[in-house]
Amino acid sequence: MTQQQHARALRAAFAFTIAALAVATGPAAAAGYPEHPVTVVVPYPPGGGADLFGRAIARALEPGLKQTVLVENRPGAGGNIGMAYVARAKADGYTLGLGTIGTQSINPFLYANMTFDPARDFVPIALVSTTPNVIAVSARSPYRTVADIIQAARQNPERKLTYASPGVGSSVHLTGAYFEAMAGISMLHVPFKGTSASLPAVAGGQVDLLFDNLPGALAQIQDGGLVRGVAVTSAARDPSAPALPTVAESGLPGFDVTAWFALYAPRGTPEPVVRQLIEAAREGLRSPDLAARFAAQGAKPGALFGPELAAFEQDERRKWGGLVKDKGITAQ
């Protein structure tokens with residue numbers, strides 16, 4: 001063997017040894033994880049849809065991780081405060097965040113001074129749930145269909161129809177803006193601080209209609225009392241409210257908006273820990289009990305993990321970034 005051949009053989013042996021050590025020690029690096037409770041940060045107040053799904057995925061992770069998973073609410077700035085906290089957290093798998101269509105796909109185009117980059121500062125773990133938004137009106141409203149709303153907006157453009165949402169720049173607000181763009185109408189957005197404030201305003205007739213995540217308004221719609229559902233924004237009808245048509249079948253073909261919630265770890269989290277989290281989430285989201293609980297809320301479990309979730313996010317950013325720019329929407 002020549003000296004050159006000997007050197008190549010040594011390099012090959014060294015590379016093989018390093019690869020073998022990586023395989024041998026990779027799972028071992030996560031062998032002790034998790035040694036104490038894991039925390040899922042929900043960047044919205046308790047009681048809303050994000051809180052519901054955050055607590056659901058926390059419980060769903062526990063069997064796979066064999067550890068307690070806690071929930072911590074850190075609301076503010078459209079979810080930015082909580083997710084910024086997660087981005088700065090130690091990347092050891094003990095602090096996770098429940099990102100949403102808002103924090104991960106919309107806020108980068110609304111806020112001039114984002115303190116984190118959703119595409120760069122997180123490792124996608126799992127899409128937790130998806131849910132349509134819903135258009136609702138007062139039970140006394142003359143508007144019973146999407147066609148009624150569009151016709152009223154076109155016939156009397158000076159007296160703009162008003163629509164409520166849980167806040168400027170929320171995915172629900174953007175759903176209303178998307179509805180305006182596709183219908184070729186103009187309405188007046190009336191932001192509230194959450195669904196608990198917007199629903200009474202619509203029920204009382206102070207605002208003409210409401211855009212909201214279906215779980216937030218479903219109980220009131222099903223009660224048949226002060227609020228009446230008009231349509232859901234997803235491509236297909238939702239099993240929890242099968243009588244409600246879709247916006248697409250009500251006169252705006254191609255209309256499809258679905259709110260979503262997903263689990264993230266800080267950038268730099270060790271790969272073995274990420275794999276363990278993904279498998280725990282995959283196992284938990286397969287639970288028939290969780291699917292039944294989600295269905296009762298007008299939602300369904302997610303089925304995207306890791307790189308698949310990252311690709312999905314990119315598509316969402318293209319969709320909503322263009323709309324925010326076209327409509328000139330900024331966070332207030």
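Contact here means heavy atoms within 4.5 Å. Helices (H or I, at least four residues) and strands (E, at least two) are DSSP runs, numbered from the N terminus. Keep in mind that this is a predicted model, where local features need pLDDT of at least 70 and side-chain atom pairs count only at pLDDT 80 or more, while totals for chains, interfaces and linings use all residues. Residues are numbered from 1 along each chain as its sequence is written, and side-chain values use heavy atoms, with hydrogens and water left out.

Let's begin with helix α6 (171–183) and helix α11 (residues 307–327). From α6, the residues L174, A177, Y178, E180 and A181 meet K319, W320, L323, V324 and K327 of α11. Sorted by class, this contact has seven nonpolar, no polar and three charged residues; Ala, Val, Leu, Ile, Met, Phe, Trp, Tyr, Cys and Pro count as nonpolar, Asp, Glu, Lys and Arg as charged, and the others, Gly among them, as polar. The two helices pack at an angle of about 70°, and their axes are 11 Å apart. Because of that angle, α6 is roughly perpendicular to α11. Axes are lines fitted to C-alpha atoms, for helices over the stretch in contact, and angles run from 0 to 180 degrees between N-to-C directions; 65 to 115 degrees counts as roughly perpendicular.

Next, look at α2 (49–65) and its partner α9 (residues 271–285). Their packing angle is about 115°, with the axes 8 Å apart, so α2 is also roughly perpendicular to α9. The crossing of α2 and α9 is right-handed, that is, the near helix is turned clockwise from the far one by less than a right angle. On the α2 side you will find I57, A60, L61, P63, G64 and L65, which meet Q276, L277, A280, A281, E283, G284 and L285 in α9. Nine residues of this contact are nonpolar, three are polar and one is charged.

Now for the pockets. A pocket is an open set of points on a 1 Å grid over the protein atoms alone, where a 1.4 Å probe fits, with protein on both sides within 12 Å along at least five of seven lines; lining residues have an atom within 4 Å of a point. The largest pocket has a volume of about 1,000 Å³, volume being the space filled by probe spheres set on the points. Its lining has 43 residues, with Y44, P45, P166, S170 and G194 nearest the centre. Both α2 and α6 each supply at least two residues of this lining. The second largest pocket, of about 250 Å³, is lined by 15 residues, and the largest share, three residues, comes from strand β4 (residues 122–138).

Finally, two backbone details. The peptide bond from Y33 to P34 is cis, and P34 sits in the loop between α1 and β1. K66, in the loop between α2 and β2, has a positive phi near 55°.

Technical notes:
Parallel < 35°, antiparallel > 145°, perpendicular 65-115°, else oblique.
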